[in-house]
Amino acid sequence: METTSPSATHEAAAGAGRKVDGYLLAAFPWYGLDEAFTGPRWLMQVGAAADGTVEHGATGHGEEPTIKVEPPQDERFAVVVTVASRPVRRSGDGTGVLEATSVSTAAWLAGSGLLAQTWPTQMDRTLRQDWLDQQTMLAWELADDLGGGSWSELMLPVDGVPTSFAYRESEYGWVLAGSAGEGSEDVHIGAYGRGMSAYGLGFSVIKDLSAYEG
């Protein structure tokens, strides 16, 4: 699978945290749910390369998920992951080569993001990290096989254009991944959620990040 270094997954750009600054440093457009969604919106984190270049990030919609032994049954959220389209290139520190990004990259980031918000109720707290490591490796393998039987096709609008996404459900929620339509080829889009159906969602470029600052 062509992907950025997994060590960069969900890392924040220096000093960005939940602030908008890290998002503003990106050289690509951010995506979120379109105007049909009228609920709360919030910023998450951006992931940056060693040289500080923003590579990906996520925006949240609905209720911010909480990792609890027994999460609220009415927890409803959808997170949209935007990944910059990158060719194979040398790392910023010149010590290696970064692989190209792809739809599989978006699928991997979305799948691992969902897992990070999940705590199986039957599991002891001390065993969660082992479970998370195991499930994260499975998410990697699934993202590397988007044409396999674990995924189905779901058509959703991106900036109003019907777009094909790879989609799968699990007991922990759903994950999907695809690429932005013509005119926005520089990003791949992933998403994950729980309590909100993926069917009927739509994605669009975020024109004003202030709507996510809460």
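Is Asp 145 buried, exposed or partly exposed? Asp 145 is partly exposed, with a relative accessible area of 44%. Here buried means under 20% relative accessible area, exposed means over 50%, and partly exposed lies in between (1.4 Å probe, protein chains only).

This is a predicted model, in which local features need pLDDT of at least 70 and side-chain atom pairs count only at pLDDT 80 or more, while totals for chains, interfaces and linings use all residues. Residues are numbered from 1 along each chain as its sequence is written, and side-chain values use heavy atoms, with hydrogens and water left out.

## Overall layout

The protein has three helices and 11 strands. Helices (H or I, at least four residues) and strands (E, at least two) are DSSP runs, numbered from the N terminus. From that end, the elements run α-β-β-β-β-β-β-α-α-β-β-β-β-β. Of the 214 residues, 52% are buried. Contact means heavy atoms within 4.5 Å. Among contacts between residues at least 6 apart in sequence, 62% join residues at least 24 apart.

## Helix H2

H2 covers residues 103-116. Its 14 residues should span 20 Å at 1.5 Å a residue, and its end C-alpha atoms are 20 Å apart, which agrees. The expected span is 1.5 Å times one less than the number of residues.

H2 is mostly covered, with 12 of its 14 residues buried. Among them are Ser 104, Trp 108, Leu 109, Leu 114 and Leu 115. The cover includes strands E3 (54-62), E4 (77-84), E9 (173-179) and E10 (187-194), along with H3 and E8.

Ser 102 caps the N-terminal end of H2. A side-chain oxygen of Ser 102 lies 3.2 Å from the backbone nitrogen of Ser 104. Thr 105 sits in H2 and counts as buried at 0% relative accessibility. A polar atom of the Thr 105 side chain lies 2.9 Å from the backbone nitrogen of Ser 102. Such a polar contact is a pair of N or O atoms within 3.5 Å; within protein, one must be able to donate a hydrogen and the other to accept it, and residues adjacent in sequence count only if both atoms are side-chain atoms.

## Helix H3

H3 has 16 residues and reaches 22 Å from its first C-alpha to its last, close to the 22 Å expected at 1.5 Å a residue. Its buried residues are Arg 128, Trp 131, Leu 132, Gln 135, Thr 136, Ala 139, Leu 142 and Ala 143. They cover an arc of only 130° around the axis, which puts them on the same side of H3. The arc is that of the directions from the helix axis to the C-beta atoms. An α-helix has 3.6 residues a turn, so residues three or four places apart point the same way.

The buried residues of H3 pack against H2 and strand E8 (161-170). The face turned away from the buried side carries the exposed residues Asp 130 and Gln 134. Trp 131, in H3, is buried with a relative accessible area of 8%.

## Loops and pairs across the sequence

Asp 145 lies in the loop between H3 and E7. Gly 148 is found in the loop between H3 (128-143) and E7 (152-158), and is buried with a relative accessible area of 16%. The table lists C-alpha separations.

| Pair | Apart in sequence | C-alpha to C-alpha |
|---|---|---|
| Asp 145 and Ser 104 | 41 residues | 8.0 Å |
| Trp 131 and Leu 115 | 16 residues | 9.7 Å |
| Gly 148 and Ala 166 | 18 residues | 9.9 Å |

Asp 159 lies in the loop between E7 and E8. It has a positive phi of about 55° although it is not a glycine. Most residues other than glycine have a negative phi. Asp 159 counts as partly exposed, at 36% relative accessibility.

## Arg 41

Arg 41 lies in strand E2 (residues 41-48). Arg 41 is buried yet has no salt bridge. A salt bridge is a side-chain nitrogen of Lys or Arg within 4 Å of a carboxyl oxygen of Asp or Glu. The nearest side chain of opposite charge, Asp 34, is 6.1 Å away. Lys and Arg count as positive, Asp and Glu as negative; His and the chain ends are not counted.

Backbone oxygens do meet this side chain. The Arg 41 side chain reaches the backbone oxygen of Asp 34 at 3.0 Å. The backbone oxygen of Phe 37 lies 3.0 Å from a polar atom of the Arg 41 side chain. Leaving aside neighbours within four places in sequence, Arg 41 also contacts residues including Leu 33, Glu 35, His 61 and Tyr 212.
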